[in-house]
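Trainee: Before we go through the labels, I would like each one set against its rule.
Mentor: Then ask about them one at a time.

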Amino acid sequence: MTPARRDALVVGAVALAAAGVGGLAGALLLQSRSGAAALLSAAYPDLSGRPRKLLEWQGRALLVNFWATWCEPCRAEMPMLSEIRQAYASKGAEFVGIGIDSAAKIAEFSKTYPVGYPLLVADPGAIELMRGLGNSAGGLPFTVVLDRQGAIGYRRLGPLSRPEVEKVLNGMLQ
């Protein structure tokens, strides 16, 4: 191998490595500014009391729905979300409900109204997390959809429609 060719290969390898590091750093910076990093690292107990982090589902398109048992629009959209989750799970999507309510009320709700995706229990401090995700009003329901890399691809304050959720997921799962 000639010295010029070797030098060109070394420069190319260094440039490729720098591009990879830059892309990773850029993605992490975007996540931190959008609130995605805080969401992914937040830990909430599931209904059995086991702490869960949303990082467990990284690598999948992740729909995170903040809700409460007393919120009528929240309750109304949950059967539709369960149906869509069932249809999209094999395509690489997961749904997680973060209930801002007591564990007892969420457990009782889940017995009466079965939900087809994991439910986590959050205290009122999750409202600050929602604000960091763009929900300045702190209202419910509030939904954030993360792409497979953990970046926010969609957020919505208020109830979702089936066509809206399917359009978002189809765009992320291509």
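**Charged pairs and a proline**

Mentor: Arg-131 and Glu-128 both belong to helix 5, three residues apart, about one turn of the helix. Keep in mind that this is a predicted model.

Trainee: What makes Arg-131 and Glu-128 a salt bridge?

Mentor: Their closest N and O atoms are 2.9 Å apart. The rule asks for a side-chain nitrogen of Lys or Arg within 4 Å of a carboxyl oxygen of Asp or Glu, so the pair counts.

Trainee: Why is Glu-128 called exposed?

Mentor: Its relative accessibility is 53%, and exposed means over 50%. Arg-131, with a relative accessible area of 37%, is partly exposed.

Trainee: Which residue pairs with Arg-52, and are the two buried or exposed?

Mentor: Arg-52 forms a salt bridge with Asp-46, with 3.4 Å between the closest N and O atoms. Both residues are buried, which means under 20% relative accessible area. They are also linked with Arg-50 and Glu-56 in a network of salt bridges.

Trainee: What do Glu-83 and Arg-162 tie together?

Mentor: Their side chains meet in a salt bridge at 3.0 Å, N to O. Glu-83 lies in helix 3 and Arg-162 in helix 6, so the pair ties together parts that are 79 residues apart in sequence.

Trainee: How many salt bridges are there by this rule?

Mentor: The count is nine.

Trainee: Where is the cis peptide bond to Pro-141?

Mentor: The bond runs from Leu-140 to Pro-141, with omega near -10 degrees. Pro-141 sits in the loop between helix 5 and strand 6. Phe-66 touches both Leu-140 and Pro-141.

Terms used. Residues are numbered from 1 along each chain as its sequence is written. This is a predicted model: local features need pLDDT of at least 70, side-chain atom pairs count only at pLDDT 80 or more; totals for chains, interfaces and linings use all residues. Side-chain values use heavy atoms; hydrogens and water are left out. Contact means heavy atoms within 4.5 Å. Helices (H or I, at least four residues) and strands (E, at least two) are DSSP runs, numbered from the N terminus. Buried means under 20% relative accessible area, exposed over 50%, partly exposed in between (1.4 Å probe, protein chains only). Lists of a residue's contacts leave out its neighbours within four places in sequence.
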